[in-house]
Amino acid sequence: MSAPLARVPGGIHASVRHDSAAGHVSGSALYLDDIPNVPGSLEAALVLSPHAHARIKAIDLTAALAAPGVVAAILAKDIPGKNDIGPIRPDEPLLPTDMVEYDGQPVAAIAAGTLDQARAAAKLVRVDYEPLAPVLSLDEAIEREQFVAPPQIMTRGDVDAALKTAAHRLSGEFNCGGQDHFYLEGQIAIATPGEGREMHVFSSTQHPTEIQHGVAHLLGIPFNAVTCEVRRMGGGFGGKESQATMIAGIAAVLAWKTRRPVKLRLPRDDDMRATGKRHPFLIRYEVSFDDGGLIDGLDLMLAANGGNVADHTPAVLTRALCHSDNCYWLPNLRFRGYACKTNIVSNTAFRGYGGPQGMFAIETIIEMIARHLSTSPEAVRERNFYGIGRNDVTPYGMKVEDNIIARVLEELDRNVDLARWREEIVAFNRQSTIIKKGLATMPVKFGISFNRPALNQAGALVHVYTDGSVTLNHGGTEMGQGLFIKVAQVVAEAFQIDIDNIRITATTTAKVPNTSPTAASSGSDLNGMAALNAAERIKARMTDVAAEQFNIPAGEIVFQQNRVYAGNRSMSFAELAALSWEKRVSLSATGYYRTPKIHWDFATNSGRPFYYFTYGAAAAEVAIDTLTGESRVLRAELVQDCGQSLNPAIDLGQIEGAFVQGMGWLTTEELFWDEKGRLRTHGPSTYKIPGSRDAPPVFNARILPDAPNREETVFRSKAVGEPPLMLALSVWLAIRDAISSLSDYRLAAKLDAPATPERVLEAVDEIRARAAGSGSAI
Amino acid sequence: MNEMCDISLTVNGERVSERVEARKSLVDFLRDDLTLTGSHVGCEHGVCGACTVRVNGEIVRGCLMLAVQCDGASVETIEGVSDSGEIADLQEAFQKRNALQCGFCTPGMLLTAQDLLSNDQTPSRDHIREHISGNYCRCTGYHAIVDAVESVAQARKGSRK
Ligand code: FES
Ligand code: FES
């Protein structure tokens with residue numbers, strides 16, 4: 001599978017532009033809301049619960065149904081099939097029958113002639129609630145053992161003995177917040193009834209198969225009666241994996257009832273109130289270590305705020321536990337994961353999928369160890385890194401065989417000279433009284449593959465037409481990440497044809513069935529291999545035709561740069577396609593791929609869940625204002641392992657974008673629920689995602705050179721969608737570093753994420769008081 | 001709530017006369033009545049900038065302006081400035097530098113960038129970051145966008161010499 005010497009334009013490892021780039025810059029790329037309504041189409045709106053927990057006593061639709069333009073309204077009882085859209089565990093009603101469990105939960109939906117009519121009528125629905133006490137805090141959920149899925153445990157060695165005997169021991173707790181996806185295109189679906197029981201659904205979804213299944217369950221029809229299609233999303237980030245099912249499901253039930261096409265597009269506030277987010281986590285720890293910071297025992301509790309139902313929470317928690325080691329060998333450990341049930345919106349997949357929270361936990365603990373020992377986090381990490389050939393088994397029993405973290409960190413240091421940078425920061429802080437700077441690094445090891453082995457499979461469908469043009473289809477979805485172009489590059493490479501000859505078609509369950517979500521960074525790994533498999537099958541048949549035509553062995557036929565060679569004779573790829581048809585040889589093939597080597601035992605939380613790991617490292621410099629608590633990221637330097645990148649330009653975009661998104665999670669993006677469980681930050685006016693001035697003014701992202709994947713992935717590339725998000729933990733650690741400077745780096749900040757100005761200011765005051773008490777104030 | 005008004009205006013250089021609801025936003029009018037769907041609706045709050053269009057030469061938020069306010073005005077959208085070639089260099093730079101991913105923010109971002117470059121021919125990176133700060137992009141992290149705008153500013157400056 002090595003690349004040939006003469007390169008075809010648009011083949012692998014080239015920085016080909018995004019396939020929709022021209023459409024994006026001219027506004028001609030169509031999103032779902034841009035598709036003109038067919039005559040008779042209806043628009044829909046939701047009625048959302050104003051209570052976090054309440055019994056529904058009665059719902060009166062009379063006024064709504066009498067409102068201008070209204071055609072239908074639906075409640076739970078109008079669902080013809082099974083009222084459940086749970087992706088992992090069956091516990092999620094599309095619409096509640098007698099109980100609402102979060103503020104913002106859809107209770108009813110209206111379809112009307114226009115969007116304004118539907119939204120106006122939704123306000124006329126009278127729901128009589130009997131409010132109940134909500135459970136909102138993780139502490140309370142843990143205390144009541146109120147979980148959406150059973151607790152998960154990972155253990156190794158004798159952690160209790162290790163904690164008792166070690167030279168140093170620290171314990172405590174801290175939190176990280178959740179994160180709204182804030183995809184710029186909100187959730188949207190258009191459901192159109194077809195002949196008989198057929199239902200066609202356009203959905204802005206990362207998981208068309210789940211939409212297909214969800215809609216079929218709701219309508220009580222077989223999977224083959226439902227087709228789900230998506231050409232592109234205006235961003236997804238995990239928020240359109242399971243959450244899109246609710247939207248498509250409601251549109252489909254309304255369409256079923258009215259026998260008319262129904263579009264449901266949520267206004268931003270409804271989107272933020274009704275759909276799930278990244279999980280907030282509560283972390284409790286007890287850790288023991290020697291004088292040099294070598295960790296002996298770690299007892300770690302991760303409690304995820306799952307919200308009202310399971311959704312993805314159990315799997316997010318598993319991934320969090322599988323990343324609480326980050327890059328470190330932990331001989332004695334007990335990791336406990338709690339999937340807490342609370343009365344907020346059900347939290348879900350979000351880029352990193354628990355990985356960020358797991359690394360947040362271990363890296364914050366390491367920083368605390370460093371302060372305790374008056375050394376640097378880098379020195380503590382150095383003592384604890386996984387070894388090569390020794391101390392290389394993760395808490396879940398997988399051997400780390402591809403460890404290149406040392407090389408990645410060297411590369412970072414070579415780019416930036418960390419020691420000198422550190423001196424500059426310390427010198428600055430010595431003469432600056434109000435503004436303090438912080439600097440921190442962050443190593444990342446992230447496991448690639450879905451934890452659940454069954455999801456690690458993919459299909460593709462490739463057709464070659466007799467003019468040599470090709471259409472490509474696969475189960476992956478395009479949300480801006482550049483999956484479609486990468487897979488097209490793989491096919492261009494296989495056939496040795498210009499990428500312009502390949503047309504990429506919309507993802508649909510009618511072409512490639514039983515697909516996995518486009519998630520876990522696995523899109524190009526899985527779909528690229530499936531498409532390669534399809535292309536190679538067609539190419540083998542075409543090779544035989546050429547061999548017969550030129551009367552030489554098939555092994556001597558070479559496809560190169562739009563031509564097919566037999567020694568010094570040749571014909572164009574198009575001529576060979578036409579000849580193949582003439583000879584009655586099929587020019588269409590499905591392709592299939594399943595990731596090798598992986599296995600996972602859910603009962604013991606052990607196995608080899610990941611085909612490989614990807615590595616990265618970052619350094620970030622921040623400044624905080626000790627009078628206001630405001631912070632700024634001044635500089636970020638990143639190195640990311642992409643294996644042998646399929647498309648360096650696209651991958652660089654993923655790295656930069658993920659980093660800034662991770663910064664948002666850790667700094668400005670605060671989800672605030674009031675004491676009644678109402679989300680108070682449900683629009684961009686109160687919920688602050690990073691803007692252009694928040695991105696680091698000095699920002700250098702680099703792809704680790706010459707680092708082909710040691711596993712046989714598609715042309716030795718590595719996945720890149722999620723891992724760089726965790727590089728943003730360098731910003732979190734740098735803010736902690738700046739605060740710690742107020743104690744001459746002897747104390748660790750008491751700080752939760754996101755590090756909003758309010759929290760930073762509190763932490764500044766707190767550390768000053770503590771430092772004064774211990775006589776180390778500056 | 002259904003009061004209707006007659007408006008006439010020019011959109012991308014063409015005269016348009018329509019009867020619209022008094023409460024209809026400019027971006028909904030452009031998208032629904034004129035099928036100019038290149039202007040996107042991201043938040044309907046005036047925060048994200050995805051709905052940015054030009055009215056009488058100034059960039060505005062299409063979700064914060066009513067269609068009736070544009071009676072007699074000249075409105076330009078991404079479709080218009082694409083067809084006229086006015087921002088061809090910016091469009092090329094965005095594509096080349098991969099300053100777009102999902103593309104949802106891109107039309108608004110381009111109009112805002114063009115607004116900057118037509119008023120300040122040699123903006124610093126800081127100035128670019130400042131000027132586009134009212135346009136959210138959730139995908140790119142902005143770095144590529146600033147690079148692309150900066151490269152066009154330099155190229156335009158070079159070609160003026
Ligand atoms: S839609 Fe107008 S600013 Fe967001
Ligand atoms: S490219 Fe997706 S929001 Fe900017």
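So, how many residues does the contact take from chain B, and how many from chain A? The answer is 40 residues from chain B and 43 from chain A, where two residues are in contact if their C-beta atoms, placed from the backbone, lie within 7 Å.

Quick housekeeping. This is a predicted model, where local features need pLDDT of at least 70 and side-chain atom pairs count only at pLDDT 80 or more, while totals for chains, interfaces and linings use all residues. Residues are numbered from 1 along each chain as its sequence is written, and chains are lettered from A and ligands numbered from 1 in the order in which they are written.

Back to the side of chain B that touches chain A. Elements giving two or more residues there include α2 (78-84) and α6 (143-160) of chain B, and α3(B) gives the most, with 4 residues. Helices (H or I, at least four residues) and strands (E, at least two) are DSSP runs, numbered from the N terminus.

Now over to a sheet in chain A. Its 4 strands run in the order β16-β27-β28-β29, open, with mixed pairing; two strands pair if DSSP finds at least two bridges between them. At the edges sit β16 (435-448) and β29 (698-703) of chain A, each pairing on one side only. Inside the sheet, β27 (612-625) and β28 (631-640) of chain A run antiparallel, joined by 9 bridges. One bridge partner to look for: A:V622 goes with A:V633 in β28(A).

Finally, helix α17 (648-666) of chain A packs on this sheet, touching β28 and β29 of chain A. Its direction makes about 135° with that of β29(A), using axes fitted to C-alpha atoms, for helices over the stretch in contact, with angles from 0 to 180 degrees between N-to-C directions.
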